[in-house]
Amino acid sequence: MSTAGTGTDAGAGADAGASGAGAGADAGASEAGAGPETGTGAPGAGPSGPPGPAGPAIITSGLTKRFRGGQLAVDDLGLAVPHGAIYGFLGPNGSGKTTTIRMLLGLIYPTRGSVSLLGEPVPGAAARVLPRVGSLVEGPAFYPFLSGRANLARMDAADRTADPRTAAARIDAALDRVGLLSAAKKRYRAYSLGMKQRLAIATGLLRPRELIILDEPTNGLDPQGTREVRGLIREIATDGVTVLVSSHLLAEVEQICTHVGVMRTGRLVFQGTLDELRSRGSRRVVIRTAQPGEATATLTALGLADIRSADGEVSAQLADQSPERICRELVLAGVGVAGLDTPRPNLEDLFVGLTGEGFDVDG
Amino acid sequence: MSTAEATAVPPAGRTGPGGQLARTPGAVPGWLRLLRSELRLVFRRLRNLALLALLAALPVLLGIALRLAAPRGGGGGDAGSSFISQLAGNGVFLAFIAITLMIALVLPLAVAVVSGDSVAGEAGLGTLRYLLTVPAGRARLLAAKYAAIVVFGLSACCVVVAASLATGAVLFPIGPVTLLSGNTVPLGQGLLRVLFVTLYVAAAMAALGAIGLAISTFTEHPIGAIATVLVLAVVSEIADNIPQFAVVHPYLPSHWWLFFDSLLRTPIATSDLLHGLLSFGIYVAIFCSIAWARFTSTDVTA
């Protein structure tokens, strides 16, 4: 599990390089500087900021959904998605992500609590605010007997605020943006899963939006398709559009997200910037040495906790110790240090720590 | 954009949800666009077109069968009040025969398919959630769906009548129409009565369509909704033929369907017709309300 996580991590770094994750990785110093500003600012900006471009794009408070069977799908949820953010909405399957998204879009009525999209209450003002919101909910769904273009025309015709005279041009522009223009006349039935997924994203691009909500946009896609969708999301967000993208895989979205919310069995167990998530994990020091016994003794003497030794590597929780001091103490103690590293905590491990592992999470 | 807005001073009425988007006079109103899209969906669906083809083919087959069975020539209409005996003298009567036979099952089938599929079909495909997040508006979408059902029902009746008249004209003599009450009216007036019959039957189908629409909001399985509508129609027709249920007969949805024959008498029995239309209207009101109440309050989880 963790090896798979680091594997995608490395691949992602090579593939994207300059993007969000790279910038966030900078160092502890910028982490400390950015933490209070963006991190704690995000929920704090909610009540204080005016409902303009500066206000949060999505706020829910006490949002709860109990289905008729008595199942509590979403429990007292307090989302705060800052304007302009790419918000990764994470959680294992069945943790309540889709139910939450359906409530955000007015498809499901909350049992308790409130939703505010772009400063407007939902479902109360859904007719007013939803034209400014593009969405993909729980996979693509279209008329199989219609072409891709006819499907988009159908969706556009349902929008009473859309201008019919520009419909043809807007539809072709949306198809072009997701790379489906050449397949516009093909029936939806004949589309591949990736094409279907992209057509669903195209419905969100039929007109300029301020907020895009994508529920599992990479679900069922091959790595190539996943990369395409990721690039598309990044491109959408460059215009200052707020994006909420849900996934059950952190690795799929961590390269593009500025913020994450993590759900587990209907509850939000973490919300904040990626750096804040990282800072939750305790950093470890890893020493490569031929004398693990002596190294362990030195680390114990330094008061480090959770010391593990295996395969010529000794590791321990770094806590507030400086790596320089540890290195010096080791050398002074006569331990040959072949290498010393303080790796960044693995986000995947943190994520799994938050959501639980395996089958125990499906409540 | 700015020039377009300059010419578009008057439309203050359409400030609703899309306030920021000024509407110019030439633009198609949103509701008409949705209705057009809805109609396109219904009338381009191969299954629905096949139903209409069936509705057109049956009167042709019926005409041929009756032509082969009927004695040639045949004089006036003194043979009784049955349509079939009239047919030999006038092809127009094929329309009444066809309607009478097809209103029992085939016309309700066509309406059941389209109305049962209306909401349940969208839910089953999942397109419902996309339409609602567009947002189409729940009540607005429902209104467009019902309008399309009514148009389809009317089209179905028109197809039957048109096919019958065409077949009747080819296979039988056409001329002044002898009514069921024995008197004869000119062909023009006879055709006008055919038109009224068509509209009356279309109203009956609109009532059945409202029932179908309501049922359709309760499920995401279109086949289940279609079957339920059809079963309801058939049960109603059977109950209508059991004398012991006479008390409830006037309240059955199908009870007034065949009363279109009042239009074929002189004077026209308007009280029966009005009773029928009133019954259809009440069914439409009740079941559209049920559909609205259900559809605007339910969670869309499909």
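1. Strand 7 (residues 133-136) of chain A has buried residues on both of its sides: V133(A) and S135(A) point one way, G134(A) and L136(A) the other. Buried here means that 20 or more other C-beta atoms lie within 10 Å of the residue's own; exposed means 12 or fewer, partly exposed is in between, and C-beta atoms are placed from the backbone. Strands (E, at least two residues) and helices (H or I, at least four) are DSSP runs numbered from the N terminus. Strand 7 of chain A runs parallel to strand 8 (residues 211-215) of chain A, with 4 bridges between them. S135(A) has I213(A) as its bridge partner in strand 8 of chain A. Two strands count as paired if DSSP finds at least two bridges between them.

2. This is a predicted model, in which local features need pLDDT of at least 70 and side-chain atom pairs count only at pLDDT 80 or more, while totals for chains, interfaces and linings use all residues. Residues are numbered from 1 along each chain as its sequence is written, chains are lettered from A and ligands numbered from 1 in the order in which they are written.

3. Strand 10 (residues 259-264) of chain A is mostly covered, with 5 of its 6 residues buried. It pairs in the parallel sense with strand 4 (residues 86-90) of chain A over 4 bridges, and G88(A) stands opposite V260(A). Strand 10 of chain A is also joined to strand 11 (residues 267-273) of chain A, by 6 bridges and in the antiparallel sense; here G261(A) stands opposite Q271(A). The hairpin of strands 10 and 11 of chain A has 2 residues between the strands, and T265(A) takes a positive phi near 40 degrees.

4. In chain B, the end C-alpha atoms of helix 10 (residues 222-240) are 27 Å apart, which agrees with the 27 Å that its 19 residues should span at 1.5 Å a residue. The expected span is 1.5 Å times one less than the number of residues. The buried residues of helix 10 of chain B are P222(B), A225(B), I226(B), T228(B), V229(B), A233(B) and S236(B). They cover an arc of only 165 degrees around the axis, so they lie on the same side of helix 10 of chain B. The arc is that of the directions from the helix axis to the C-beta atoms. These buried residues pack against helix 6 (106-125) and helix 9 (187-216) of chain B. The face turned away from the buried side carries the exposed residues V231(B) and I238(B).

5. Between the chains, 26 residues of chain B are in contact with 26 residues of chain A, contact meaning C-beta atoms, placed from the backbone, within 7 Å. Helix 7 of chain B gives the largest share of chain B's side, 6 residues. That side divides into 14 nonpolar, 8 polar and 4 charged residues. Ala, Val, Leu, Ile, Met, Phe, Trp, Tyr, Cys and Pro count as nonpolar, Asp, Glu, Lys and Arg as charged, and the others, Gly among them, as polar.

6. On confidence, the model scores ipTM 0.83 and pTM 0.81. Over residues 1-53 of chain A the pLDDT is below 50. Chain B averages 87, with 87% of its residues scoring at least 70; over residues 1-24 of chain B the pLDDT is below 50. Where pLDDT is low, the predicted coordinates should not be read in detail.

Technical notes
Two residues are in contact if their C-beta atoms, placed from the backbone, lie within 7 Å. pLDDT is the predictor's confidence in each residue, from 0 to 100.
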